[in-house]
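Here are a few exercises to work through with the structure open beside you. Try each task before you read its solution.

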Amino acid sequence: MKDTNISIERALIIAVHLKKDDEFNFNESVNELKSLCETAGLYVTGEIIQNKDRTDNQYYLGKGKVEEIVALRDREDVEFDIVVVNSELTTSQSKHLNEVLDCKIIDRTQLILDIFAQRAKSREGKLQVELAQLEYLLPRLSGHGLSLSRLGGGIGTRGPGETKLEMNRRHIRSRIHDIKIQLETIKQHRKRYRENRKKRNVFQVALVGYTNAGKSSWFNALSDSETYMEDLLFATLDPKSKIMKLHEGYPVLLSDTVGFIQQLPTHLIEAFSSTLEEAKYADILIHVVDRSHPNYLNHIDTVLNLLKELDMEKIPMLTLLNKKDKIDTFVSPTGNDQLVVSVYDNEDQHHIHEQLIKMMQRSMKQYAIQIQDDAGQWIAYLKENTLTTDVTYNEITNLYEVLGYEHDQEGIIDKLLRNEHIKRL
């Protein structure tokens, strides 16, 4: 008989609370690490927090605290298979903790990379995960022969895998080079798709926000789609795009993106830059915020800072203060381009459409034309390719009068005016 039960790894969280750190933000960081562990499939059995002026260069925690953890495990007061550290460890810290505790040691960055490895489904996503993992591990290979061989499988070892990690630096650099070439090819494909969409005059809107803020829920609601969504961090990794119709059939390309998080590793941002290309070239960003989260203001700052780092801070933004159904007190928007919403309130979808139309009109060129009454096909064409705001029939002139806004930089209306049936008002 074969045992088919899947063993869940038990994790002990360790963290250093620096005296200069804000207590609320520190506690939120630890709680977020617990959520990351849950997302990765770990069972958290306990947490060890030490207050210090600075982290220990050798053990991260003080040596006495590390010995205390060993004693707790020997007395079976706390059980764990893996130690998760709430910071990015140096090679020396990881090595020494591994030697003393004799178990897997992974830091916050490795845990995030592991979750990305689990979530990646597309070829591009898998390549990006492997690139980020290799770039993270390359400078940490020195002196890690024993600790790497001890890792085995499970959390912290997905993606490129154990055998690749034991390659020498030259082979790893060669693999990094190959991955970058493949990702550049994919990036060029995306560029051609964007150019084609530009030729077809497609207006682009991208959802951005902190992880688990509700982006995928709104992507499904606005585009009538069925994107995977779950109440876990990084439920969406691979970007998705779908056409949604506004007003009287005007098509808008809506894109869902990977969620942001505090302390997102720099090389991870670089590795996933091509995934965020859809958002980078959007005409409008929809920033989804979990307003029910106690640390939502810090989440907003994290997203805005990352958008600035990605040169996206100048793109017009609609902010959705989401999950109002989970808020006990009344919340009102504080800006012109803000809405308090819930995906479970059907009216809110209509409000989002209205606000998007207002914002789109600011960046579009207004037009007013008249069309002969026997040229109705042009009215249908205008509704599909421009944002029409009014279509009326003038009984005196026997002409249709159409008002609206065009997005096309080359001028759809200028092209239509070459037709003898169409004139400016």
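**Exercise 1.** Which residue in strand 3 is the bridge partner of Leu 12?

*Solution.* A quick note on the ground rules: this is a predicted model, where local features need pLDDT of at least 70, side-chain atom pairs count only at pLDDT 80 or more, and totals for chains, interfaces and linings use all residues. Residues are numbered from 1 along each chain as its sequence is written, and side-chain values use heavy atoms, with hydrogens and water left out.

Step 1: find the strands. Helices (H or I, at least four residues) and strands (E, at least two) are DSSP runs, numbered from the N terminus. Strand 1 covers residues 10-18 and strand 3 covers residues 82-85.

Step 2: check how they pair. Two strands pair if DSSP finds at least two bridges between them; strands 1 and 3 have four, in the parallel sense.

Step 3: read off the partner. Leu 12 is bridged to Val 83 in strand 3.

**Exercise 2.** In what order do the four strands of the open sheet come, and which are the edge strands?

*Solution.* Step 1: the order is 2-1-3-4, with parallel pairing.

Step 1: strand 2 and strand 4 (104-107) are the edge strands, each pairing on one side only.

Step 2: Helix 1 (residues 23-40) lies across strand 1, strand 2 and strand 3, at about 165° to strand 1. Helix 4 lies across strand 3 and strand 4, running at about 90° to strand 4. For these angles, axes are lines fitted to C-alpha atoms (for helices, over the stretch in contact), and the angles run from 0 to 180 degrees between N-to-C directions.

**Exercise 3.** At what angle do helix 4 and helix 5 pack, and how far apart are their axes?

*Solution.* Step 1: helix 4 (residues 108-119) and helix 5 (residues 123-137) pack at about 160°, with their axes 9 Å apart.

Step 1: name the arrangement. That angle makes helix 4 roughly antiparallel to helix 5, given that angles under 35 degrees count as roughly parallel, over 145 as roughly antiparallel, 65 to 115 as roughly perpendicular and the rest as oblique.

Step 2: list who meets whom. Contact means heavy atoms within 4.5 Å.

**Exercise 4.** Are helix 9 and helix 13 roughly parallel or roughly perpendicular to each other?

*Solution.* Step 1: take the axes of helix 9 (residues 215-223) and helix 13 (residues 346-363), which come within 11 Å and cross at roughly 80°.

Step 1: these two helices are therefore roughly perpendicular.

Step 2: find the contacts. Trp 218, Ala 221 and Leu 222 in helix 9 meet Asp 348, Gln 349, Ile 352 and His 353 in helix 13.

**Exercise 5.** Which strands stand at the edges of the six-stranded open sheet, and which strands does helix 12 touch?

*Solution.* Step 1: the order is 6-7-5-8-9-10, and the pairing is mixed.

Step 1: strand 6 (240-246) and strand 10 (338-340) each have a single partner strand, so one side of each is left without a neighbour in the sheet.

Step 2: neighbouring strands here are turned by 25° against each other on average, direction ignored.

Step 3: zoom in on one pair. Strand 5 (residues 203-209) and strand 8 (residues 284-290) are parallel over five bridges, with Val 205 bridged to Ile 284 in strand 8.

Step 4: helix 12 packs on this sheet and touches strand 5, strand 8 and strand 9 (317-322).

**Exercise 6.** Is Gly 62 buried or exposed?

*Solution.* Step 1: locate Gly 62 in the loop between strand 2 (43-52) and helix 2 (63-74).

Step 1: Gly 62 counts as buried because its relative accessibility is 10%; buried means under 20% relative accessible area, exposed over 50%, partly exposed in between (1.4 Å probe, protein chains only).

Step 2: look around it. Leaving out residues up to four places away in sequence, Gly 62 touches Gln 50, Lys 52 and Asp 56.
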